Amino acid sequence: MSRRGRVPVVDVQSDNFAALWPSMVLALRTATFVAVDTELSGLGARKALLNPCIEERYKAVCSAARTRSVLSLGVACFKQLPDKPENTYLCQIYNLTLLCTEDYIVEPQSVQFLVQHGFDFNKQYSQGIPYHKGNDKGNENQSQSVRTFFLELIRAKKPLVLHNGLIDLVFLYQCFYAHLPDSLGTFTTDLSEMFPAGIYDTKYASEFETRFVASYLEYAYKKCKRENCKLKDSSGQHLTIEFCSYPANMSIYIDYRHCSLEEENHSVGGGDKVPVCEKFSAYGWCPKGVKCPHSHNIDLIIDEDDKLCEKKRKKRKQKWRRRKNIGEPPKEQESSGKEVEVVQNGEEGPPQKRGCCEPPATTVLAEITPNCEGRPLEENMDMEAEVSSDASAQREEDLESTEGTTAQAAAVVSPSAEGNASDGDQAEGKSDVPTGIGSVNHSDIPETEAVGAAEKEKETHGLPSQGGTHRAGFDAFMTGYIMAYVWMLKKEKNTDPSAGPWLPVCHNKLYLSGKSVPLQIAKSLFSKSSKAHSQKMKVAWGSGQS
């Protein structure tokens with residue numbers, strides 16, 4: 001049985017930005033939560049990004065944000081529909097193509113990765129929405145700009161959802177808000193005031209709440225999609241996503257991501273089956289990239305993980321029966337139960353993948369005040385493709401062997417430079433929309449089926465190693481879908497989202513590579529808000545809504 005759906009992503013660029021502005025702002029203001037993703041021009045030295053000292057790690061990301069740029073911004077607005085079955089959302093997805101007006105560094109690995117995944121550099125330099133970094137220049141907050149759009153996101157006071165979001169947040173702050181503060185404590189204090197409804201990290205949720213054996217973006221999304229389909233088939237509580245249907249005159253700006261529950265050639269027969277790449281399976285990246293002879297197909301990877309999980313479950317059951325038959329005292333069983341409890345309480349790390357051993361996470365608390373304890377990671381195993389899909393290219397090599405080469409090979413680019421081109425998808429539409437731009441797609445397929453085939457087509461055609469297509473808009477959608485699914489599983493019945501933290505178990509917790517605890521986003525006892533942030537808050541709330 002094949003179930004198919006299409007996810008519309010609205011391409012926003014300089015020639016339609018003003019026309020789409022009202023619908024984009026309305027989507028932010030009426031959303032239940034907003035998911036965001038970025039494509040970046042580079043990240044700099046990788047070892048510094050995994051520094052065991054969180055304060056030093058923050059400084060390394062700040063350095064990258066000041067010298068690199070955001071190439072595209074993905075925004076997915078999820079609005080819960082009260083007049084529909086529970087856990088039904090209207091989703092509006094925007095992919096903003098951006099152009100920094102200041103010189104910035106572009107790393108070759110980033111360019112290579114983005115071109116391989118369909119990023120159009122010709123379009124970026126000819127139609128990218130211009131922006132500048134750092135503090136405001138003059139009275140620009142009344143204009144329709146990317147910086148003002150980010151201010152509207154803050155004004156909306158919605159929960160903000162990201163995947164492995166520390167890097168994204170640092171870049172968003174520097175590129176669209178103000179100059180970054182020097183200390184991590186000040187930064188987290190600013191963030192807690194910018195997003196009072198909370199910041200949520202789906203990588204943290206995937207590892208420590210749903211406890212998936214892998215947590216890179218595409219794996220977590222497809223795992224949630226698959227589990228949601230099982231819930232629907234069993235008539236259980238499940239997630240449903242509806243989309244907008246856009247008028248014909250917008251078709252040139254709509255990029256449809258084709259997706260299905262299963263690809264027709266998902267299961268390859270016997271001897272023809274390409275073995276799964278163990279490194280990609282565990283971490284979502286492979287140093288060989290598209291040249292890898294093994295499969296990077298996420299569905300096959302999940303199939304193998306499910307089989308392994310079932311095999312282990314049967315072994316545990318057999319072991320328990322043997323103990324029961326010989327009348328062994330329940331001591332071991334009690335201790336085993338305690339171990340499970342410890343894991344569930346998050347005192348141990350998430351389940352580990354087989355095949356590729358990750359260095360054990362340090363148990364040092366990632367406090368907001370400077371903390372330089374812990375142990376370095378040997379490889380960039382945790383900073384996988386979804387740390388921001390933009391960064392995937394740079395992570396296609398081990399940290400220790402390539403740290404210096406990217407910095408040496410990186411080029412400073414002027415906004416007038418040109419890049420490579422690629423083409424887009426086609427368009428379609430469905431029923432009525434609150435934003436006035438399109439209409440609601442009353443999708444009778446729950447979102448389990450409504451997103452991923454564009455990626456799967458890459459996985460199942462051409463080289464066996466090819467993975468999904470990365471775009472900031474679609475990645476933002478996948479991020480939001482994961483969080484909607486986790487919220488459905490974790491929320492209590494009759495929960496009022498306005499009564500407290502939207503999802504308390506994940507509230508203001510950012511995943512940190514190599515750490516067993518998250519970075520807490522909260523006001524620090526040792527830090528005050530930055531001056532630039534305080535001035536920006538006065539602008540946001542003193543000048544009224546745009």
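In this predicted model, strand β2 (residues 33-40) pairs with strand β7 (residues 160-162) in the parallel sense, over two bridges. β2 is mostly covered, with eight of its eight residues buried. Burial extends to both faces of the strand. F33, A35, D37 and E39 lie on one side, and V34, V36, T38 and L40 on the other.

The largest nonpolar core comprises 83 residues. Within this core, L96, F176 and F187 touch the most other members. Helix α7 (residues 166-176) gives the most to it, contributing nine residues. Leaving aside residues up to four places away in sequence, L96 touches V12, F17, M24, L71, S72, L73, I129 and F149. A second core is separate and holds 50 residues, including V7, Y219, F477 and I482.

Helix α10 (residues 217-233) has 17 residues. At 1.5 Å a residue, the helix should span 24 Å. α10 is mostly covered, with 12 of its 17 residues buried. The buried set includes the run L217, E218, Y219, A220, Y221, K222, K223, C224, K225 and R226. N228 and C229 are buried as well. One of the buried residues, Y219, belongs to the second core. Just after α10, S235 takes a positive phi of about 60 degrees.

Notes:
Residues are numbered from 1 along each chain as its sequence is written. This is a predicted model: local features need pLDDT of at least 70, side-chain atom pairs count only at pLDDT 80 or more; totals for chains, interfaces and linings use all residues. Side-chain values use heavy atoms; hydrogens and water are left out. A nonpolar core is a set of buried Ala, Val, Leu, Ile, Met, Phe, Trp, Tyr and Cys residues joined through side-chain atoms within 4.5 Å. Buried means under 20% relative accessible area, exposed over 50%, partly exposed in between (1.4 Å probe, protein chains only). Helices (H or I, at least four residues) and strands (E, at least two) are DSSP runs, numbered from the N terminus. Contact means heavy atoms within 4.5 Å. The expected span of a helix is 1.5 Å times one less than its number of residues. Two strands pair if DSSP finds at least two bridges between them.
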